[in-house]
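Trainee: I'd like to learn how to read a structure on my own. Can we go through it together?

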Amino acid sequence: MPASAQRKLLSSCCLSEKGHHISVPSPGSSHKGQRSKRTQPSDPGAVEELPRQGSQKHKGPEFSFDLLPEARAIRVSVPPGHEVSVRLCHQWALECEDLSSPFDVQKIVSWGHTADLPYEFLLPCLCIEASYLQEDTVRRKKCPFQSWPEAYGSDFWKSVHFTDHSQHSQMVMALTLRCPLKLEASLCQRQGWHTLCEDLPNATAQESDGWYVLEKVDLHPHFCFKFSFRNSSHVECPHQTAPSWNVSMDTQAQQLILHFFTRMHATFSAAWSPPGLGQDSWAPPVYSISQTQGSSPVTLDLIIPFLWPGGCVLVWRSDVRFAWKHLLCPDVSHRRLGILVLALLALTTLLGIVLVLTCRRVLSGRVTRPGRARPVLLLHAADSDAQRRLVGALAELLRIALGGGRDVIVDLWEGTRVARVGPLPWLWAARARVVRERGTVLLLWSRAGPRPAPLRALLRAAPRPLLLLAYFSRLGVQGDIPPSLRALPRYRLLRDLPRLLRALDAGPSLHAPGRGRRSPPPCLRGRLELCRRLELEAATLAH
């Protein structure tokens, strides 16, 4: 029998076979003088002073107590009689052991007085022991907290000292208890630092001499022991803060690259977890990789193809019974963002091109229709330099207002060719171009207009849908127009210039203003003023 057990056994004895009171100092007798005992001599006088069989003293002193939870103390009182020594202790199999310092105190209580004994933890094995002041007298002990639920609460778990000895794939926890109780332990798993620890099936730890062992476990800070006794439980997690391995990932083309960093031999697996299957569910196939080279830190790369758009990858250690599963979700938002940016750039470029073309067409006077720009053939019979300048200003005004690259051909500007081939052949050539390009012939009439013969040739050369007639109000009146031309659409300048531009298919934004209309665009305002001034000048010279 070990020496400690012998001491506990001897200290519980009261009388020897010869009737002598014998006691052996307890292990703490060197520094706890109040508990040291000595062998009593066989003095008849001394024996007479000891309690006799059936006496109150032989049963130990009577006492009562009150629990003071706020003061964390037990108040002891005694009935009338001898003074009594009281203390608190933890009851084990053969001995009630002292509390740890500074709670290992003994106090003397006399009748009419009380003694407050402080305690560190309210435990089911906490007892109150009382004895008379004479040495080796019978002690009375009460252990009232074994049936108290409060004794199995937070104080009980705070009194337990946990020592983590986990390593490799083995979870080991050693417990130091202050009460002789046997606890149960199992493995549980946390999803976060501040969440409940959920029990895992078939994960009960084996216990031996206060050591709790669980084999084939992936050591992780979220894998913990759950200790329980009766209806009370406590979760204790491994004291190491870093996992034994970790994983990171990269994306490349249509592949996912998993980087495993480990310090031990292990096998790792990964599988896709499609959306909607749950955090711990996966779909085949399963991809695996093993580390079998030495014990130095190693980085392993596992390449798996993309199978589930928007899915995540479940990664775990597959060579153990209980493995912590990592859920990794590839961030492909940068790819989608790149495609979105390219689409936006293409759309912006297209809109910019359309906007530029639209602005150009608006500023040029009209939206160009499909096909080539249709020309305008401006014919006149100006007989003075002032009238020729007026015709040139009108042609420039029309060219700006029509825009779109449309030509305004004036017979004055084509004088060299007219002199070479003659007026009528040139007119037939102009007619051919007008018919071919679906243009318009604009006859500018004045009092000095063409003679009847050229007019008949003009009407034959230019069909009526392509022929328009215009005149300046100061250089001619409507009554001066020959009967043969009165059936043509007529426009009085500059009053009917908006109607003329519409007939020539000009854009609405550049129509010259009429009565009640808004001001003309700046690009036409100067040309209109020039035409008015030249018309007045030509009319003055004509009169």
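This is a predicted model: local features need pLDDT of at least 70, side-chain atom pairs count only at pLDDT 80 or more; totals for chains, interfaces and linings use all residues.

Trainee: Let's start with helix H11. What span should its 21 residues have?

Mentor: The idea is to count 1.5 Å a residue, so H11, residues 522-542, should span 30 Å. The C-alpha atoms at its ends are 31 Å apart, which agrees.

Trainee: Okay, and which residues of H11 are buried?

Mentor: Buried means under 20% relative accessible area. In H11 that goes for Leu524, Leu528, Cys531, Leu534, Glu535, Ala538 and Ala539. They cover an arc of only 135° around the axis, which puts them on the same side of H11. Take Cys531 as one of them: its relative accessible area is 0%.

Trainee: What does the face turned away from that buried side carry?

Mentor: Exposed residues: Pro522, Arg533, Thr540 and Leu541 sit on that face of H11.

Trainee: Now the disulfides. How many are there?

Mentor: You look for pairs of cysteine sulfur atoms within 2.5 Å. By this rule the count comes to 6 disulfides. Number the bonded cysteines along the chain and the pattern reads 1-2, 3-6, 4-5, 7-8, 9-10, 11-12.

Trainee: Can you show me one? How far apart are the sulfur atoms of Cys127 and Cys143?

Mentor: They are 1.8 Å apart, and the two form a disulfide. The link of Cys127 and Cys143 is right-handed, with 105° about the S-S bond. Cys127 lies in strand S7 and Cys143 in the loop between strand S8 and helix H4, so the pair ties together parts that are 16 residues apart in sequence.

Trainee: Are those two cysteines buried or partly exposed?

Mentor: One of each! Cys127 is buried at 0% relative accessible area, while Cys143 is partly exposed at 25%.

Trainee: What about Cys312 and Cys329: how far apart are their sulfur atoms?

Mentor: Those are 1.9 Å apart, and the pair forms a disulfide. The torsion about its S-S bond is about 95°, so the disulfide of Cys312 and Cys329 is right-handed. The pair links distant parts of the chain, 17 residues apart: Cys312 is in strand S22, and Cys329 is in the loop between strand S23 and helix H5. Cys312 counts as buried at 14% relative accessibility, whereas Cys329 is partly exposed at 43%.

Conventions
Residues are numbered from 1 along each chain as its sequence is written. Side-chain values use heavy atoms; hydrogens and water are left out. Helices (H or I, at least four residues) and strands (E, at least two) are DSSP runs, numbered from the N terminus. The expected span of a helix is 1.5 Å times one less than its number of residues. Buried means under 20% relative accessible area, exposed over 50%, partly exposed in between (1.4 Å probe, protein chains only). The arc is that of the directions from the helix axis to the C-beta atoms.
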